[in-house]
Amino acid sequence: MDSEQKSRRALLKTGAALAGGITLGAVGKANAQSANPPTPTSENASPMIHGSKELIEYGQRSKYVTSVRIAHPLGGRPSPDVFGKVFHVASPLQDSVGVITPSSLHYIATTRGSFMPDIDPKLHTLTLHGEVDRPLTLTMDDLKRFPSVTRLHFIECAGNRHNGKQRTVQETHGMTSCSEWTGVLLSTLLKECGLKSSAKWFVAEGAEEVKGASSIPIVKGMDDCLIAYGQNGEALRPQQGFPLRIMVPGFEGIYHTKYLRRIKVTNQFYMNYNEFGHLTREDKELALGERIGPKSVITYPSGTQRLPGPGFYEISGLAWSGGGAVKTVEVSTDGGKKWNRAEFKNTPQRMAHVRFAYPWKWDGTETVIMSRTTDDIGQRQALREEIAEWWKVPFERDYRVPGLDNSVMPWKISKDGSVTNGLA
Ligand SMILES: Nc1nc2c(c(=O)[nH]1)N[C@H]1C(S)=C(S)[C@@H](COP(=O)(O)O)O[C@H]1N2
Ligand SMILES: [Mo]
């Protein structure tokens, strides 16, 4: 590196420091432009961002955008903990727009708290074996030679449940996210292996010590399971299972094994470590029972946000279902007396978040807003009181829904515009 290159590098570093917020005056004369910043006037109010290596190479968001993930109360432990293990981490849905969760903000869940494997993709392989004619071991390069698909899918942790103690939508619903996933359909690989007629289930196993293995009906595997290496236009993040994970669209999060290294096709249900919460070994029952129900939540306005005053607002939120595509979303602005059809901001896709909205003129009185959804196969998201009635138990506002909680979420709007948890 000659001295000119060196001083150029130093300059680039100065640029980085500037982007980090050091006052322009402290930079000195090295960079004439920065030494004489334009005086902010009404015409020219914002300072310029100076290019830095980091900013040019991989990009950075504006320093004014500060939305971050948080450790989810579900884990009951910090993430990372003192050992560097990661538990449940929730996505900031209150700041979300559109339907894609940025990879940096995708929720994270580890079944028992885990270190995240730091896998060299050149050394990683996926083995498919068991009840097949031709077992296969594929490198990442091999996998990328198969025809690929790109699909929008949500994932949701079974622990994504809301109660009256949570304050924000990040706490109530932040254990779900939606990405565009790219990879090879599992059916493509299984056809290459040749399934034996004894093939009834498969077990997807991850590379870390807890393995993240689950038994999944082979019919589901041949339907829409996706062996994904891409997320939102680039490689998966380590938190999402780099270099490979399986997507089991619509099934609860735990089935979506990360750091995927082995698929064993079996002739029966295998009782794996992950099966602690799964109540059935009957494939149809499991396929129905472990599927996320139709669910929706209003993300704006939501808990701890504030409406500045009476007037027009676009109520906005997310809806999804493990039963297919979302069919309708309804919004109530009067505590459930009247339900109004919401509009979609994008085309609903199978097992993917859809963004809905409802235009609303708030008159400044206290009220409760909520949303409910239906899906392709005719399921409807239920109110907590309807679920209590179904189970024939007395209803209390903070009733704990058994199993997966896809009940309707109410947000209370007070006269001063403050938004709080309607279950509190
Ligand atoms: N290998 C492995 N896969 C795993 C897990 C794990 O701990 N290890 N956690 C599961 C759980 S409980 C969920 S909810 C999803 C979460 O996926 P995400 O972290 O990409 O959001 O991954 C699943 N796959
Ligand atoms: Mo999970």
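A salt bridge is a side-chain nitrogen of Lys or Arg within 4 Å of a carboxyl oxygen of Asp or Glu. Side chains of opposite charge can pair when their charged atoms come close. The structure shown above is a predicted model, in which local features need pLDDT of at least 70 and side-chain atom pairs count only at pLDDT 80 or more, while totals for chains, interfaces and linings use all residues. Residues are numbered from 1 along each chain as its sequence is written, and side-chain values use heavy atoms, with hydrogens and water left out.

The structure holds 13 salt bridges. One of them joins E343 and K345, whose closest N and O atoms are 3.2 Å apart. E343 is partly exposed, with a relative accessible area of 41%. K345 is also partly exposed, at 43%.

Another salt bridge brings together the side chains of K295 and E156, at 2.6 Å from N to O. K295 lies in strand β13 (residues 295–300) and E156 in strand β5 (residues 149–156), so the pair ties together parts that are 139 residues apart in sequence. Strands here are DSSP runs (E, at least two residues), numbered from the N terminus. Is this pair buried or exposed? K295 is buried, with a relative accessible area of 1%, and E156 is buried at 2%.

The side chains of D416 and R306 form a further salt bridge, at 3.4 Å from N to O. This pair links distant parts of the chain, 110 residues apart: D416 sits in the loop between β20 (411–413) and β21 (419–421), and R306 in the loop between β13 and β14 (311–320). D416 is partly exposed, at 44% relative accessibility. Salt bridges can also form a network, as they do among E205, R261 and R262.

The strand pairing around β19 can be followed next. Strand β19 (residues 367–375) is mostly covered, with eight of its nine residues buried. Two strands pair if DSSP finds at least two bridges between them. Which strands are joined to β19? Strand β15 (residues 326–332) is joined to β19 by six bridges, and the two run antiparallel. Within this pairing, T328 has T374 in β19 as its bridge partner. Strand β20 is joined to β19 by three bridges, again antiparallel. There, I369 stands opposite W411 in β20.

Methods
Chains are lettered from A and ligands numbered from 1 in the order in which they are written. Helices (H or I, at least four residues) and strands (E, at least two) are DSSP runs, numbered from the N terminus. Buried means under 20% relative accessible area, exposed over 50%, partly exposed in between (1.4 Å probe, protein chains only).
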